[in-house]
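Please keep the sequence and the model in view.

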Amino acid sequence: CLMAEAFMGYLLPWGQMSYWGAQVIVNLFAAIPFVGPDLALLIRGDFVVGDATLNRFFSFHVIAVPLVLLGLVVAHIIALHEVGSNNPDGVEIKAKKDAKGIPLDGIPFHPYYTVHDVLGVSVFLMLFSAIIFFAPEFGGYFLEYNNFIPADPLVTPLHIAPVWYFTPFYSMLRAITSEMMFALVAIVVIAAVLGALKAKVSGVIKAGIVVGAVVLVALMLAIDAKFWGVVAMGGAVIILFFLPWLDFSPVKSIRYRPTWNKYLYGVFVINFLILGYLGVLPPSPIGERVSQIGTLFYFGFFLLMPWWSRLGEFKAVPDRVTFQPH
């Protein structure tokens, strides 16, 4: 929702990058088989990005998406109230309660969490206000030079790149080429074979894995790589939702996981930053290869998590929440 809010707001200045960025992103939906062209037409409200697009994007940016975000915040607060907070040790505090049924390691929401949140909001607003009032362009990273040029449908910029916070996903979109599809097909085939041979499931499920892999490979070869690029870009965000079901680690906190996990997370962060940097640059053969490797690592990190999250020696988790300030 935040990405949708940011993207729709980016069109509103009606500058060159706003116009052509919207043109590129909306046209991506046209790659969806069967319904793609009609869907792109519906989103634009016209055959080209124009007044109708601007009006509906303004409505979504100002009213619709903020209401959804507000609803999600309320849902989060309700869930937090029902389930309770976690802690850095990953200890289930509801297991140890006093005579009144209150967790021994729990702390009141006020003043602890209220002060904690007020501090976080205050620091954010100071940084936010400093940028808004004193450095809105931020050296071209927040408001780039090309977006001060009025939108012109007849003049295409030399290089169309999204804002920096979209660039890692834009790199993944560009990484899915016709050549890359063959590598992805090979990965699907290998995964299906390993799943059918190694998985401790019934023969019917194994047959289902093989049939599903055959259907997926057929679709991957039949449908244009541009569509799978859109799938990769969207999947890179959606896959975060499945983290609770992908992490098979017996402990919650990284404090009690093997040390090498920290290095793996470090490599993941560096890889994400490299993808973001490549998304700013114009396409190049070397950049394409690096972004393809980075995309494979990004998805491999999550899809292989049920396997690697169980590896290594785990430290014993304490029964009660511990705190050592030094």
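Phe268 counts as buried because its relative accessibility is 15%, where buried means under 20% relative accessible area with a 1.4 Å probe and protein chains only. Phe302 is buried as well, at 3% relative accessibility. This is a predicted model: local features need pLDDT of at least 70, side-chain atom pairs count only at pLDDT 80 or more, and totals for chains, interfaces and linings use all residues. Residues are numbered from 1 along each chain as its sequence is written, and side-chain values use heavy atoms, leaving out hydrogens and water.

**Aromatic pairs**

Rings of Phe, Tyr and Trp (its six-membered ring) pair if their centres lie within 6.5 Å; planes under 30 degrees apart are stacked, over 60 edge-to-face, and the rest tilted. The count comes to 21 aromatic pairs. Two of them share Phe302.

| Pair | Centre to centre | Angle between planes | Class |
|---|---|---|---|
| Phe268 and Phe302 | 5.5 Å | 90° | edge-to-face |
| Tyr298 and Phe302 | 5.3 Å | 65° | edge-to-face |

Phe268 in helix H11 and Phe302 in helix H12 are 34 residues apart, so this pair links distant parts of the chain. Helices here are DSSP runs (H or I, at least four residues), numbered from the N terminus. Tyr298 and Phe302 both lie in H12, four residues apart, about one turn of the helix. Both are buried. One aromatic cluster includes Phe268, Tyr298 and Phe302, along with Phe169 and Trp308.

**Covered helix H6**

Phe169 is also one of the buried residues of H6. H6 (residues 167–175) is mostly covered, with eight of its nine residues buried. Its cover includes H1, H2, H7, H9, H11 and H12, by contact (heavy atoms within 4.5 Å).

**Pockets**

A pocket is an open set of points on a 1 Å grid where a 1.4 Å probe fits, with protein on both sides within 12 Å along at least five of seven lines; lining residues have an atom within 4 Å of a point. Volume is the space filled by probe spheres set on the points.

The largest pocket has a volume of about 1,200 Å³. Its lining has 26 residues, and Ile187, Val188, Ala191, Phe299 and Leu303 lie nearest the centre. H7 gives the largest share, ten residues. By class, this lining has 21 nonpolar, four polar and one charged residues.

The second largest pocket holds about 1,000 Å³. H5 gives the most to its lining, with six residues. That lining divides into 15 nonpolar, seven polar and six charged residues.

Key
Helix = DSSP H or I, 4+ residues; strand = E, 2+ residues; numbered from the N terminus. Nonpolar A, V, L, I, M, F, W, Y, C, P; charged D, E, K, R; others polar. Buried < 20%, exposed > 50% of the residue type's maximum accessible area, 1.4 Å probe, protein only.
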